[in-house]
Amino acid sequence: MSTQTAGTRPAEETRRTWLREHSELGVSLLLFLIGVLVLTDALTMDVEIAQRGPIGPKTVPVAVGIGLLVVAVLLAVDVLRGGRGESETGEDIDLSEPGDRRTVLLLAGVFLANAVLIGPLGFPVSGALLFWGSAYALGSRHHHRDPLIAAVLSLVTFFVFNNLLGVPLPGGPLMGVL
């Protein structure tokens, strides 16, 4: 029994070493899965509302999905041929310090809140909260200026998509006013 354990150990160590040396394949797999998801979503999208010509709302998601798949395959091929990513050597990054979890959690919360609130409040309000919350999470502390800039950005984005590009965004309670 001890010879069997000793015999399987080097094989297990070799497998772990191989996986550690080819860890970028995980990134490639993630990009591939996201590409498949984006393509599936784009190709099953109902576009009758916003279709106004040969280039419609499907064009960009399909291009992004194909781009993700191509990058995933190219990355996998590069990794399998021995390519490795270089470690970060920037002056402004101290790799010995832990990541800033507070900022990541704040940004995740802001994006989640936007996804939940866009239906009932509409894009102008949820977009303003998204822009303002993102600025706050990333360190801006101009409490009087940031909400105004966020409101202007949200309204401009709403008008560009809704009126100029023909991509309907939910207006929420402000629909009658806008």
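How near do the axes of helix α5 and helix α6 come, and at roughly what angle do they cross? The axes of α5 (residues 123–137) and α6 (residues 145–164) come within 8 Å and cross at roughly 135°. The structure is a predicted model, in which local features need pLDDT of at least 70 and side-chain atom pairs count only at pLDDT 80 or more, while totals for chains, interfaces and linings use all residues. Residues are numbered from 1 along each chain as its sequence is written, and side-chain values use heavy atoms, with hydrogens and water left out.

The protein chain contains six helices and zero strands, and its pattern along the sequence reads α-α-α-α-α-α. Helices (H or I, at least four residues) and strands (E, at least two) are DSSP runs, numbered from the N terminus. Of the 178 residues in the protein chain, 20% are buried; buried denotes under 20% relative accessible area, exposed over 50%, and partly exposed in between, with a 1.4 Å probe and protein chains only. The protein chain exposes about 13,000 Å², of which carbon and sulfur atoms supply 67%. Such areas come from the Shrake-Rupley method with a 1.4 Å probe, and for residues only the protein chains shown count as cover. Among contacts (heavy atoms within 4.5 Å) between residues at least 6 apart in sequence, 60% join residues at least 24 apart.

Axes are lines fitted to C-alpha atoms, for helices over the stretch in contact, and angles run from 0 to 180 degrees between N-to-C directions. Angles over 145 degrees count as roughly antiparallel, under 35 as roughly parallel, 65 to 115 as roughly perpendicular, and the rest as oblique. The crossing of α2 and α3 is left-handed; this term applies if the near helix is turned anticlockwise from the far one by less than a right angle, and right-handed applies if clockwise. The contact of α2 with α3 comprises 21 nonpolar, three polar and one charged residues. Here Ala, Val, Leu, Ile, Met, Phe, Trp, Tyr, Cys and Pro count as nonpolar, Asp, Glu, Lys and Arg as charged, and the others, Gly among them, as polar.

Two residues illustrate this pair. S28 lies in α2 and is buried, with a relative accessible area of 6%. Leaving aside neighbours within four places in sequence, S28 is in contact with A72, L75 and A76. V79, found in α3, counts as buried at 2% relative accessibility. Not counting residues up to four places away in sequence, V79 touches H22, E24 and L25. V79 and S28 are 51 residues apart in sequence, and their C-alpha atoms are 9.2 Å apart in space.

The text now returns to the opening pair. The crossing angle of roughly 135° makes α5 oblique to α6, and the crossing of these helices is right-handed. From α5, the residues F123, P124, V125, G127, A128, F131, W132 and A135 meet D146, P147, A150, A151, L153, S154, L155, T157 and F158 in α6. By class, this contact has 13 nonpolar, three polar and one charged residues. F158, in α6, is buried, with a relative accessible area of 2%. The C-alpha atoms of F158 and L169 are separated by 6.9 Å, and these residues are eleven apart along the chain.
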